[in-house]
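Good morning, colleagues, and thank you for coming.

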Amino acid sequence: MATDVLPIIELRGVVKVYTSEAGDFTALKGIDAQVMPGEFLGIVGKSGAGKSTLLNMISGVDHLTRGEVIVRANGKDVSVHTLNENDLALWRGRTMGIVYQSFQLLPMLTLVENVMLPMDLCGLYHPRRSRERALELLTLVELEEHANKLPAFISGGQQQRVAIARALANDPPILIADEPTGSLDSVTADHIFELFEHLRENGKTIVMVTHDKSLSPRFSRHLVLADGEIVPNGKREI
Amino acid sequence: MRPRWRKVFLDLIDNKLRTLLVVLSIAVGVFAVGMIAGTYVIISNDMSASYAANRPANVQIRSDDFDDELLTTIRRDRAVAEAEGRRVVNLRVRAPDSQKWVSLDIVAIKDFDKNQINLLNPISGKIKPDKRELLLEREALKDLDVQVGDKVEVQLADGTIKRLPVVGIVQDPTTGAGDFLGQPFGYITMDTLPYLREPERYNRIYATVAEGQDDLVHIRQVTADLKDKIEKAGYQVRRTNSSKTHEHPLASVVNAILGILMALGVLIVFLSSSLIANTLNALLNQHLRHIGVMKLVGGRRNQIFSMYIVLILTFGLLALLIAVPLGGQGAYALSRLIADLMSFTLQGYRIVPIAFVIQALIGLLIPLAAGAGPLVRGTHTSVLQAISGDSGRGDGSKPKGEEKRESRWERFQVRAAAALGRRGIHIPRPLLISLRNTFRRRSRFILTLFTLTMGGAIFISVFNVRVSLHEFIGAVGKYFLADVTLDFDQPYRLREIEQYARQVPGVVDVEGWAYASAEALYADGSTADNITILAPPAESPLVAPIVVAGRWIRPDDKRALAVTEGILALYPDLKPGDAIRLKINGQEETWEVVGLFKFIDREGYLAYAPYEYISRQNNQANQAYSFRIATEKHDRPYQTAMSATLDQYFRDAGFKVRQAQPGLSSLDKASESLDILIVFLLIMALLTATVGSMGLTGTMGMNVLERTREIGIMRAVGATDGTITRMVMIEGVVIGSISWVFAVLLSFPITVLLSTIISVAIFQNPIELVFTWTGYLIWLALVLVLSAFASILPARNAARLTIREVLAYE
Ligand SMILES: Nc1ncnc2c1ncn2[C@@H]1O[C@H](COP(=O)(O)OP(=O)(O)O)[C@@H](O)[C@H]1O
Ligand SMILES: [Mg+2]
C-alpha cells in the first residue's frame, strides 16, 4: 500500500461507555483502526460485540466517550465529534450514505421522493436535476419502473435497494451499512451484496457490519470485533 | 413539489380526521373571539352613534300638567339648549279584530316639523302624523298585529273606544332607551289629544343642556335646578332622569355582557389550544422516526423545524379560512340582534379590521404556542433516539413515573376484579381493557378531561345563572304583590275606596299608598341623585322585601327610610342607622336609613318609608292617589280582567281614574330579555362543549392509532368488530362521565362568577345564587351522548383494522 495515501477514515483510541441505571457498560474498549479509500471493509462479530456502536461512532450518530474519529473526504479533514449537531447533519448528508437493517424509508413519500430527500435537504442539486438523478439511482438499483410507488407496496429487498439508492443521493464517497442484509432471505441478500461490490468498483469506500462470518471472504478486508475490541488475528491483516 | 414540502402536504391530507379536528378546534375559538370582538366594535360604535344621532334628551322630567308658559321659562334657562314639552299618556290599544289589549305609551308632540329632541327614524309610511292619526314605534308591532293603513282601537280613560289610523311605523332609539322594562310607544299630535279626551297640556319635559352634554354631574345639577324651578312654579315633579348624549344608557350593560361572552371566547381558544397541543404531541411522537431519518440523510434541525412550523401554520390558515368569514357574519348577526333589542340602527355590514387582526393572531399564534413544546422536543431528538426502536415508537417518550403509576393502577385493577369476582360479579375483559387504556396516557387524559370539564361546568353554570336571574326577577316581583294598581287623578279617602272596592267580587284587600320624590344630597349640599320614596302601610303584606342589612320600615318610623343597596354607589360607607340629607318638598331634612334592600336600580333609586308618616307629611292623612288591591287569584289573565273591571267600576261610580294596571306587568319583559342573554351564554357553553368533544375525538383517535398493534392482537385472538368498537366507545364514555363529576364541582365557583358579573351589569347589584338540578342532568345526558359520538369514528377506525394491516404497521 502506498504510504502517501492517507486513510479516509481513522479511529484513534475510540472508547464508548453506555451509562444507564444498571451501571456503566463499556461497549468499545479503545479502538484504533483505519479505512483506506476504495476499501470494502467488513466488520464481523457476534451480536452484542459492539459493531453498531462502532458504526455510530464513525457516522457521528452517537457521541464517543474518549478518542477521535477523523474522516478525510471531499477535500476536508474532519474530526467528526467536534462538529455541532447541524454541521454534523449537513456534513454527514454530503459525506456518508448510511443503510440500516430496517429500511427507514418515509412511508408517505414515493420511492423517487425518498431518494430525492437527501438532495433536497443538503441542497447539492437543483430540484429539477435531483429528480433526474434520483431516477438514475433507481435505475442503478433496478427499480426505475416502481419509482412512483409507496414503500409499503414493494418487497423488503426492494426497499433495501431504495435505501441504498437514497444513501447514494448526494454522491457521498463513503457508504456505511449496518447489517443491510440482516432481514432478507439469502438470494435477495446476495443481490444486495453484489450491488455493494458494484459500487465499490465505482470508487466508493464501503464499511459494512455483519454477524455472518461466511461473508468475510467477500470483503476486500475485514475486522473481527468481540466484546468491544478488535480481535488480534484480524489485526494481523492490517 | 420538493420532497420535504410534499411530506408536509401529505401529513396534512393523510390523516384527514386529525387535520379536520385540529382545524375545527382552532376555528371554533377563532370564530367565537372574532364574532365577539367584531360585535363589540360594531356595537360600541353604532349603539352610541345611533343614539346620539337622534339627539337624546339630557334631562327628562315628569310632572303635573303644564303649559307653554312653564316651557318658555325652562327654555330661557342658560344651561338649557333645547327644551320640548310632550304629553305621554298610557292607553290600551288593540288591533281591530283582536281581543288582546296592548298597553301603549302614546306621546303627543306639538309640532313634528320643529322636533329637535328624541328624533324619530322613519321605517315605513309617514313620519309626521296629522290630526287624528297615529304613528307606532316598531317595538309595538311585536304585540300588535297591524300594518300601515289599519285602524287601531284605543280605549280611553272613561272606557269609550276611539279609532285611530296607523299612518306610519317609526323607530325611536332614544325615548325610553334606558328602560328595557318600558312599554312600546305610539305618537300623535297635540291636537289629537282632545279626540282622546285628554287635555292639550304637557306632562313631560325633554331638554338638552347647552354644554357638558357628556358630563353627568353637570347634567344632574341642571336637572335638579330645573326641578326646583318647576316646583317653585307650583307643579309637582314626579320623576327626573339625567343622561349623557354620546353614551347609550344601556351601553355599560351591553359592554359588560359582551365582556362575559369575550371571556368565554378566550376560554374556548384556550381549551382548543390544549387539543392542539395534544394532537401535535401525538403527531410528533409518531414522527420521531421520520425526523431521525431526515437528520440521518442530512436534515438540519431548522429545516425540520420549519417543516413542522409550516404544518402548524397551515392548520391555522385553514382554520382562518373557515372562521374569519363566519366570525364576520356572526358579528353582524349578533350586532343586529342587540340593535333590535335595544332599538337602534347599525351603520351597515362591514369588516372590522381589528377583529380580523385578532382572529389572524389567534389562529396563527395559538397553534404555534400550543405546538412549541412538542415541536422543540421532537426536533431535538437525536438520530440515534429516533432510529433505535425503543424511543422511536409512539409510546416511547413516556416518562418513567407514568410507568410506575400505570402498574399500580394495573395492580389495583387486578385486585378489584378479583374481589368482585369472588362476589360473583364479573367485569367483562374488554371493559377492563377500556378502563386501563383510559388512564394510560396521563397528560393527554388530563388535558382532554380538563377541556370537557370546563365545557360542562360552564354549561351547568349557565343553567344555574338562568334560574338565579329568574328567581331574582321573581323576588323583585314580590315588591309588587298587588294584583291591581289603581291610580286616581286626585286623592280619595282610604275608607271610601275600600268600601267601593269591596263591592267588586274577587277583591280581598285594599291599601292606599303614598309617594314622595326626594333628592339625595352629598355632605356639601350638592345633589347626588333622585330617590323615589314609596310609602305603603308599614305592615303591608303586599311588599315582600329582600332586606340585606338593617330592618324594614315600621309604622312609627319618622324621617326614616329603607333604601335600595344600590345607593351604596353614592354613599359607599352607608350603614343602617346612618343619617342622610334629603331635599324633600323643597326642604332639606336629615333622615335615618333603617335598612338596605335588594332591588333593580336601572330606573333610579327606590326607597320605602311608612305611609303612616309620609301621608301626614303630604297633608293627606287617610287619603291616597294610588291604591294597591289584592284579589282572590293571582294569575295574569285574572289580574288583567280585574283591572279592567275595577277601572270600569270606579269610573262608573264617578271617580277620576287615571289608570288601573295589572300587577307584575313589567316583569315579563325583563324575563324575556334575560332569556335572550341566556341563549347567548348557552351558545358559548355549547361551543365550549363542542371543543371538549372534539378534544375527546382527537384523543380517542390518537389512542386507537397508537394501539394499532394491540388491537391487531386482540383481533388475532378472536375479538369481533363489536367488541373492539365497544371497547373504544366505553373508554370515551368513561372519560365523559369522569369529566361530569369534575364539571359538577367546578360549576359552583363558575356560577358565582358568572352570576355576579351579569347581575352587577344588569341590576347594579349581585343577586342571590340558586342552583338547579336541570343543568346537571342535561349536561350528564349530553356529555354521555357527546362522548359516545366522539368515539364512534375512532372506534370504527379501530374495528376496520385487519390483522394484516396491524402487522404491516410495525
Ligand atoms: N443505548 C445503549 N445503552 C446501553 N447499552 C447499550 C446501548 N446500545 C448498545 N448497548 C450495549 O452495547 C453492546 C454493543 O451493542 P451493539 O453495538 O448494538 O452490538 P452489535 O451491533 O454488535 O450487535 C451490547 O452489549 C449492547 O447491549
Ligand atoms: Mg447491531
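Let me start with a question: is Phe185(B) buried or exposed? Phe185(B) is buried, with a relative accessible area of 13%. Here, buried stands for under 20% relative accessible area, exposed for over 50%, and partly exposed for what lies in between, with a 1.4 Å probe and protein chains only.

A word on conventions. This is a predicted model, in which local features need pLDDT of at least 70 and side-chain atom pairs count only at pLDDT 80 or more, while totals for chains, interfaces and linings use all residues. Residues are numbered from 1 along each chain as its sequence is written, chains are lettered from A and ligands numbered from 1 in the order in which they are written, and side-chain values use heavy atoms, leaving out hydrogens and water.

I turn to the domains of chain B. Four are assigned: domain 1 (1-55 + 249-395), domain 2 (57-244), domain 3 (407-475 + 666-810) and domain 4 (483-662). These bounds come from an automatic or database domain assignment. Between the C-alpha centres of domain 2 of chain B and domain 4 of chain B there are 25 Å.

Next, the aromatic rings. Over all chains, the structure holds 32 aromatic pairs. Rings of Phe, Tyr and Trp (its six-membered ring) pair if their centres lie within 6.5 Å; planes under 30 degrees apart count as stacked, over 60 as edge-to-face and the rest as tilted. One of the pairs is formed by Phe193(A) and Phe219(A), whose ring centres are 5.6 Å apart and whose planes stand at 55°, so the pair is tilted. This pair links distant parts of the chain, 26 residues apart: Phe193(A) belongs to helix α6 (residues 186-201) of chain A, and Phe219(A) to the loop between β8 (205-210) and β9 (221-226) of chain A. Helices (H or I, at least four residues) and strands (E, at least two) are DSSP runs, numbered from the N terminus. Phe193(A) is buried at 1% relative accessible area, and Phe219(A) is buried at 6%.

In chain B, the rings of Phe185(B) and Tyr187(B) have centres 6.4 Å apart and planes at 25°, so this pair is stacked. Tyr187(B) is buried, with a relative accessible area of 1%. Elsewhere in chain B, ring pairs join Phe488(B), Tyr492(B), Tyr500(B), Phe627(B), Tyr649(B), Phe650(B) and Phe655(B) into a cluster.

Two arginines sit over rings. A charge counts as such if NZ of Lys or CZ of Arg is within 6 Å of the ring centre and within 35 degrees of the ring normal. The charged end of Arg86(B) is 5.1 Å from the ring centre of Tyr206(B), and that of Arg628(B) is 4.0 Å from the ring centre of Trp513(B).

What surrounds ligand 1? The residues around ligand 1 include Tyr18(A), Phe25(A), Lys46(A), Gly48(A) and Thr53(A), where a residue is near if one of its heavy atoms lies within 4 Å. The elements β2 (23-35) and α1 (51-59) of chain A each supply at least two residues of this shell, and α1(A) gives the most, with three residues. Backbone N or O atoms approach oxygen atoms of ligand 1 at 3.2 Å from Ala49(A), at 3.0 Å from Gly50(A) and at 2.9 Å from Lys51(A). Taken alone, ligand 1 exposes 550 Å², of which the protein buries 60%; these areas come from the Shrake-Rupley method with a 1.4 Å probe, and for residues only the protein chains shown count as cover.

Back in chain B, Thr189(B) is part of strand β8 (residues 185-189) and is buried at 8% relative accessibility. The side chain of Thr189(B) makes polar contacts with the side chains of Asp191(B) (2.5 Å) and Thr192(B) (2.8 Å). A polar contact is a pair of N or O atoms within 3.5 Å; within protein, one must be able to donate a hydrogen and the other to accept it, and residues adjacent in sequence count only if both atoms are side-chain atoms.

Asn118(B) has a positive phi of about 50° although it is not a glycine, and Asn622(B) has a positive phi of about 60°. Asn118(B) is buried at 2%, whereas Asn622(B) is partly exposed at 46%.
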